[in-house]
Amino acid sequence: MLDIRWIRENKEETEKRLASRHGGDEAKVDQLLQLDQKRRALLTEVEQLKSDRKAVSKEIGALIGQKKLEEAEAKKAATKEIGDRIAELDQQANQTTEEQQDILLTLPNLPHETVPAGVSETDNPEIRQWGEKVSHPFPPKTHVELCEQLGLIDFARGAKLAGSGFLLYTGWGARLERALIQFLLDLHTKEHGYTEVSPPFVVNPDCMTGVGQFPKFYDQAYAVQEGQDSSTLGKLYLIPTAEAPVANIHREELLREDQLPIYYCAYSPCFRAEAGAAGVGTRGMIRVHQFDKVEMIKIVPADQGYAELDAMVGNAEKVLQLLDLHYRVILLCTGDMGFASAKTFDIEVWAPGQGSFLEVSSCSNCEDYQSRRMNLRYKNKDGKNVFPHLLNGSGTALARLFVALIETHQQEDGSIRIPKPLQPYLGADIIPAP
RNA sequence: GGAGAGAUGGCUGAGUGGUCGAAAGCAACGGUUUGCUAAACCGUCGUCGUGGGAUAACUGCGACCGCGGGUUCGAAUCCCGCUCUCUCCGCCA
């Protein structure tokens, strides 16, 4: 959420930076500021009345104390009207505040000044590459072929159980998935200083609003209900990412600066309805309704957000380096960034079977956009309460990592070579050919 | 699911209609002092909103004692609803 006072004093810049996202949100600023003005005018009026009432009430108390009951009764009658007027204005002020808040919640974050202008993903500059595309001395198979031949995933039965877009990992496939999760968590906790947490896989709507999923992306989430009791629908949602619970761990808290920075990492499955998206329904595991992910979250002092973001991208890159996978780092342009983010780096891994790069990580600094929504603050050294920067990054998404891994390290005989750092987790150095 | 108890400032915890934004303690911050990585003493010390002021220091006003309503001239305090926590019982992995 943006700071209404900042918008008030920087109207043109707000509009300009919103416009750079090409979402049309700059059109809402005028109405927002009108509501703000109306709200403040109402407050001025009602607060004056409240002040008056308070003074009179005090006099009444004194009069009763002096047993001057008649005078007290007279004042009571006079004050009654003020009370009615106050109730009326209060109601108007609340409604105006609510309308203003509704608009604020639909405005995305402002892009950081270092974010390149652009409309779509084709405008995203590549920052760097690591490694190079493997050249197999044979035509590389796609992950779908490999999964079926090696019995890693039973696509048909996955769909039978839950529909298209849901995967049934089997045998070595299930084992590889588990090994990867373990490997990632160990890497981030032992090498990168993150504290592991294991959060609920459902959250309440406040958490979804806190990270910016709601109200804009209601239809992307799976809402759950208890049994057939439709009155419970909407109280809990399957998490689209561990960011939803983990970033909210300290919501509505006031932290001390010496508690920062906080680094969390968490494994969770991620559930995405992908309503209206193309791709679900096609075979494979590139775009699915449920996938595993290890997520990194940082809560840091406001002046350290961008240094911490660079470090986080490095943490995600390390995963791919250890797994010997070719990748590139992309900086998202203004038009392609996520709703809550001020600056985002994507990491895309090379998948030879697909002949394309796959996004496996997205690392963002949301600055104070989310902490403001969730009212998470820390007391700085000057004793001021300030909103920390909140960062999130995939470290990394599993399904696509799985794809890149088996497509990259497939051997001519149909087996999969396992990179050394992963071997202890899988308990094998190869997934044998069928 | 049933019965009971509770929710107060960063934390602990008093406070049952006006003098309460709220005692006290802890923590924090500033200072004094003591020869021993500490103690004692003094002082400061909630948040948010809105106005004045230089987008400062400071300051006026309002709101906030889990959340939302109600009663009242006036509510932390009384009434209703909700959420959460704890204890006991039931069910259950």
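**Exercise 1.** Find the cluster into which ring pairs link Phe214 and its partners, and name its members.

Solution. Ring pairs join Phe214, Tyr218 and Tyr237 into a cluster, where rings of Phe, Tyr and Trp (its six-membered ring) pair if their centres lie within 6.5 Å. The model is a predicted one, in which local features need pLDDT of at least 70, side-chain atom pairs count only at pLDDT 80 or more, and totals for chains, interfaces and linings use all residues. Residues are numbered from 1 along each chain as its sequence is written, chains are lettered from A and ligands numbered from 1 in the order in which they are written, and side-chain values use heavy atoms, with hydrogens and water left out.

**Exercise 2.** Classify the pair formed by Trp130 and Tyr327, and say which parts the pair ties together.

Solution. Begin with the count, which is ten aromatic pairs in the structure. The ring centres of Trp130 and Tyr327 are 5.8 Å apart and the planes stand at 15°, so this pair is stacked, given that planes under 30 degrees apart count as stacked, over 60 as edge-to-face and the rest as tilted. Next, place the residues: Trp130 belongs to strand 1 (residues 126-130) and Tyr327 to strand 9 (residues 327-331), so the pair ties together parts that are 197 residues apart in sequence; strands (E, at least two residues) and helices (H or I, at least four) are DSSP runs, numbered from the N terminus. Finally, Trp130 is partly exposed at 30% relative accessibility, whereas Tyr327 is buried at 0%; buried means under 20% relative accessible area, exposed over 50%, and partly exposed in between (1.4 Å probe, protein chains only).

**Exercise 3.** Classify the pair of Phe183 and Tyr425 by its planes.

Solution. With centres 5.8 Å apart and planes at 70°, the rings of Phe183 and Tyr425 form an edge-to-face pair. Phe183 lies in helix 7 (residues 172-191) and Tyr425 in helix 13 (residues 423-426), so the pair ties together parts that are 242 residues apart in sequence. Phe183 is buried at 4%, while Tyr425 is partly exposed at 28%.

**Exercise 4.** Decide which residues of helix 2 are buried and how they are arranged.

Solution. Within helix 2 (residues 11-19), Thr14, Glu15 and Leu18 are buried. Viewed down the axis of helix 2, the buried residues fall within an arc of 95° (taken from the directions from the helix axis to the C-beta atoms), so they line one face of the helix. The face turned away from this buried side carries the exposed residues Glu12 and Lys16.
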